[in-house]
Amino acid sequence: MAEVINMPRLSDTMEEGTVAKWLKNVGDKVEEGDILAEIETDKATMEFESFYEGTLLHIGIAEGDGAPVDSLLAIIGEEGEDISSLLNGSTSASEDENTEEARAREQ
Amino acid sequence: MKKITKEVYLQWYEDMMFWRKFEDKLAQVYIQQKVRGFLHLYNGQEAVLAGSLHAMDLTKDRMITAYRNHVQPIGMGVDPKRVMAELYGKVTGTSQGMGGSMHIFSKEHRFHGGHGIVGGQIPLGAGMAFGDKYAGRDNVTLCYMGDGAVRQGAFHEALNLAMLWQLPVVFICENNGYAMGTSVERTSYSTEIWKLGLGYEMPCGPVDGMDPVTVAQEVSKAVDRARSGGGPTFLEMKTYRYRGHSMSDAQHYRTKDEVKEYQKIDPITQVLDIIKENNYASEEDIKAIDKKVKELVLECEKFADESDYPPVQQLYDMVYEQEDFPFVEHK
């Protein structure tokens, strides 16, 4: 099953990140531990490793673009896998999480 | 020293593999924000723990360390599910979710933390050894620190008193080459940290901290000395960490080639080579261990995921003695 990778929180104070460089392209094979991209945080540019193996199926944030933590960054899965449902579902899923978290903070 | 048998090598392989995968999982869930705060991982240093555990009497000896402290309690017998839950801040954690990454404790297994202040655990370790000696018990305390911590005054005060009072303690510096992002070379006139013991005439020496066999031998000698009334020892483990100081470390102070050089003498690979050379296990056996390790890590993750956060009321527990917290305004 394909895995959705969101903009990681690479430091405790990071709110959003910018993709400084993609080290993998769509269609590339990815091993666990491979560096996927270099991500600029509020503190430094850091390498972001993959915790999954498979093929890079989708890039959600282009090189040079920034996005808040938890935005859809990439999808890794099996070559040729249908990921359309993940692409459509991803935004609403993260919104749900955000409201849940906001609610938890209010409590 | 207890003999290092086939069973020991296989146990080392399984334990070290589990510790590494446990830490890898934490790196993963950290960026998913399931674990908050700071996170310092042990990848690369596993031989220090594996060798030390072999030298200890786990029915009575104590351990205390700094904040790179997730896998030590697991090695001493704490349920890894509870350690993972503590990192998640869940009520099922070792400190009911109130300690987090840097403060894992288990009184039952004599793992005394988990300390966030650099070097703060060193006098505490000496004090624990003092307590055992004073009470006439023959427990030994193993007190760990990083290479940065030996530049703290508390280290020197503790070594002096431990020697003066001949305390049953083994001080172990895990020198992974970098105090956060600063190399030992940049901060030390003498880079042979073990020599700091000489100033107190304490038995001391350097140890190959990438090889569990050497670690086990040297720590055994030190533990035996402490238990038989011979006083403290100071050992410098020359080791290496593959990941950053903490998760927010971009590691610009070292090259990738340097990391790769150390991976050639990786403790897990070293043990696996011995297992293969001596036919201690078949390829299938090894695969079965790897599978077991992977499943156990997932089990820990699931347990932590599904556990509850502590009730809000618990915030005040263990802070004020009065149960009705008279100085806190209730809403």
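Residues are numbered from 1 along each chain as its sequence is written, chains are lettered from A and ligands numbered from 1 in the order in which they are written. In this predicted model, local features need pLDDT of at least 70 and side-chain atom pairs count only at pLDDT 80 or more, while totals for chains, interfaces and linings use all residues.

**Figure 1. Chain B as a whole.** Eleven helices and eight strands make up the secondary structure of chain B; helices (H or I, at least four residues) and strands (E, at least two) are DSSP runs, numbered from the N terminus. The radius of gyration of chain B is 20 Å, close to the 20 Å that the globule rule gives for 331 residues, so chain B is as compact as a globular protein of that length. This radius is taken over C-alpha atoms, and the globule rule is 2.2 Å times the number of residues to the power 0.38. The C-alpha trace of chain B spans about 60 × 55 × 40 Å along its principal axes. Of its 331 residues, 47% count as buried; a residue is buried if 20 or more other C-beta atoms, placed from the backbone, lie within 10 Å of its own, exposed if 12 or fewer, and partly exposed in between. UniProt, in an unreviewed entry, places the feature "domain: Dehydrogenase E1 component" at residues 15–311 of chain B; such annotations may be inferred rather than shown by experiment. Over residues 15–311, chain B is 43% helix and 12% strand.

Figure 2. All six residues of strand 3 (residues 141–146) of chain B are buried. On one side lie B:T141, B:C143 and B:M145, and on the other B:L142, B:Y144 and B:G146. In a regular strand the side chains alternate between the two faces of the sheet. Strand 1 (residues 62–65) of chain B pairs with strand 3 of chain B in the parallel sense over three bridges, and two strands pair if DSSP finds at least two bridges between them. Within this pairing, B:M63 has B:L142 as its bridge partner. Strand 3 and strand 4 of chain B also run parallel, joined by six bridges, with B:Y144 opposite B:I172. From strand 3 the chain passes through helix 6 (residues 153–164) of chain B to strand 4 in a right-handed β-α-β crossover: with the strands pointing away from the viewer, the path from the first strand over the helix to the second runs clockwise.

Figure 3. B:V169 is found in strand 4 (residues 169–175) of chain B and counts as buried because it has 32 C-beta neighbours inside 10 Å.

**Figure 4. Strands 7 and 8 of chain B.** Strand 7 (residues 204–208) and strand 8 (residues 233–238) of chain B run parallel and are joined by five bridges. B:D208 has B:K238 as its bridge partner in strand 8 of chain B. The chain crosses between these strands through helix 8 (residues 212–227) of chain B, and this β-α-β crossover is right-handed.

**Figure 5. The open sheet of chain A.** Chain A has one helix and eight strands, and buried residues make up 26% of its 107 residues. Four strands form an open sheet in the order 1-8-6-3, with antiparallel pairing. Its edge strands, strand 1 (3–6) and strand 3 (29–30) of chain A, each pair on one side only. Two bridges join strand 3 to strand 6 (residues 54–59) of chain A, where A:V30 stands opposite A:G54.

**Figure 6. The loop at A:D65.** A:D65 lies in the loop between strand 6 and strand 7 (66–68) of chain A. With 11 C-beta neighbours inside 10 Å, A:D65 counts as exposed. A:D65 touches A:T18 and A:V19, not counting residues up to four places away in sequence. The C-alpha atoms of A:D65 and A:A20 are separated by 7.9 Å, although these residues are 45 apart along the chain.

Conventions:
Two residues are in contact if their C-beta atoms, placed from the backbone, lie within 7 Å.
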